[in-house]
Amino acid sequence: MKWGMDIVGKLPVTPRGKVFMLVMTDYFSKWIKAEAFVQLNGQAESSNKIIVNNLKKRLDKKKGRWAEELPFILWADRTTSKVATGQTPYSLVFGTKAVIPTKVVIPTARYLLQDQENNDKILAQDLDTIDELRDLAKIRIAAH
């Protein structure tokens, strides 16, 4: 497992005085962990610049609200398929597809027809096949 780390900032000041964002990226799954901070010492290793720059572009549009928007932007990134792996970071980390929050609030027929027993079987199957999913992603990365 290999992680990259970067500090993004100085961003617009939030109401709580936060101006920096620490971003860590898992190189394999492209899972991003990010948090807002008031101050940092300015030293960091370089991370995946494309991912960090994309996050920074999205957050710059939010001006002083970027810290509040960060969890939503991370959720969107984690549930979006990546070209290199053909999978979402969420599925590579947890072994199953994420349920979009709006599908819980406004249920679809597919969501309503799920029962606990059937859901448990599907989750168990997903966990049994996660190694295959990750191996396919590794092969795709190598080919990419």
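Which residues form one aromatic cluster? I found Trp-31, Trp-75, Tyr-90 and Phe-94 in it. Rings of Phe, Tyr and Trp (its six-membered ring) pair here if their centres lie within 6.5 Å; planes under 30 degrees apart count as stacked, over 60 as edge-to-face and the rest as tilted.

Before going on, I noted that this is a predicted model, where local features need pLDDT of at least 70, side-chain atom pairs count only at pLDDT 80 or more, and totals for chains, interfaces and linings use all residues. Residues are numbered from 1 along each chain as its sequence is written, and side-chain values use heavy atoms, with hydrogens and water left out.

I searched the whole structure and got four aromatic pairs. One of them, Trp-31 with Tyr-90, is tilted, at 6.5 Å centre to centre and 45° between the planes. Trp-31 sits in the loop between β2 and β3 and Tyr-90 in helix α3 (residues 89-94), so this pair ties together parts 59 residues apart in sequence. (Helices are DSSP runs of H or I, at least four residues; strands are runs of E, at least two; both are numbered from the N terminus.)

I checked burial next: Trp-31 is buried at 15% relative accessibility, and Tyr-90 is buried at 18%. Buried means under 20% relative accessible area, exposed over 50%, partly exposed in between (1.4 Å probe, protein chains only).

Tyr-90 also pairs with Trp-75: the centres are 5.8 Å apart and the planes at 70°, so I logged it as edge-to-face. Trp-75 belongs to helix α2 and is partly exposed, at 30%.
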